[in-house]
Amino acid sequence: MVILKKIEASSLMETLVATVLIVVVFMIASMILNNLFSNTIKTNTRVIDAKLNEIEYLFRHDKIQVPFYDDYKSWEIAIEHNKNKGQNSIRLEAKNTETNKTILKEISAN
């Protein structure tokens, strides 16, 4: 018959300390991930870039007239003439009303 070795068990205090450390590590990790995801969502401009490309296409094919103003989701879009150093160009500006982020795009008026 084999004699079994006695295994020392951890005390209740050691178990509680280990549990608290694990919970703290998971809380910090979840806060970091939450911050990363919220920043990614706030700085995502793919939707408005696609809308500006669509408006540029419509302008180039004479489907819209300048000046043009539009609201798209939380963005205010404005298209206006821009005379810079004798060159005529069209300025597309989109401003987010929630974050005050602005996207500018210049198009030659040829």
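Colleague: Does threonine 45 count as buried or exposed?
Modeller: Threonine 45 counts as buried, because its relative accessibility is 19%. Buried means under 20% relative accessible area, exposed means over 50%, and partly exposed is in between (1.4 Å probe, protein chains only). This is a predicted model, in which local features need pLDDT of at least 70 and side-chain atom pairs count only at pLDDT 80 or more, while totals for chains, interfaces and linings use all residues. Residues are numbered from 1 along each chain as its sequence is written, and side-chain values use heavy atoms, with hydrogens and water left out.

Colleague: Where is threonine 45 found, and which residues is it in contact with?
Modeller: Threonine 45 is in the loop between α1 and α2. Its contacts, neighbours within four places in sequence set aside, are Trp75, Lys101 and Ile103. Contact means heavy atoms within 4.5 Å. Helices (H or I, at least four residues) and strands (E, at least two) are DSSP runs, numbered from the N terminus.

Colleague: What should helix α2 span, and how far apart are its end C-alpha atoms?
Modeller: Helix α2 (residues 46-60) has 15 residues, so at 1.5 Å a residue it should span 21 Å; its end C-alpha atoms are 21 Å apart, which agrees. The expected span is 1.5 Å times one less than the number of residues.

Colleague: Which residues of α2 are buried?
Modeller: Ile48, Lys51, Leu52, Ile55, Glu56 and Phe59 are buried in α2. They lie on the same side of α2, because the arc they cover around the axis is only 140°. That arc is taken from the directions from the helix axis to the C-beta atoms.

Colleague: Why do residues three or four places apart point the same way in an α-helix?
Modeller: An α-helix has 3.6 residues a turn, so residues at that spacing point the same way.

Colleague: What do the buried residues of α2 pack against, and which exposed residues are on the face turned away?
Modeller: The buried residues pack against β1 (68-72), β2 (75-84), β3 (87-96) and β4 (102-108). Arg46 and Tyr57 are the exposed residues on the face turned away from the buried side.

Colleague: Changing topic: how much space lies in the largest pocket, and which residues line it?
Modeller: The largest pocket holds about 170 Å³. Its lining includes Ile41, Lys42, Arg46, Ile48, Lys73 and Trp75. On a 1 Å grid over the protein atoms alone, a pocket is an open set of points with protein on both sides within 12 Å along at least five of seven lines, and lining residues have an atom within 4 Å of a point. The volume is the space filled by probe spheres set on the points, which are joined across faces, edges and corners.

Colleague: Which element gives the most to that lining?
Modeller: α2 does, with three residues.

Colleague: What about lysine 73: where does it lie, and is it buried or exposed?
Modeller: Lysine 73 lies in the loop between β1 and β2 and counts as exposed, because its relative accessibility is 70%. Although lysine 73 is not a glycine, its phi is positive, at about 55°.

Colleague: Which peptide bond is cis?
Modeller: The bond from valine 66 to proline 67 is cis, with omega near 5°. Proline 67 is found in the loop between α2 and β1.

Technical notes
On a 1 Å grid over the protein atoms alone, a cavity is a set of points where a 1.4 Å probe fits but cannot get out, and a pocket is an open set with protein on both sides within 12 Å along at least five of seven lines; lining residues have an atom within 4 Å of a point.
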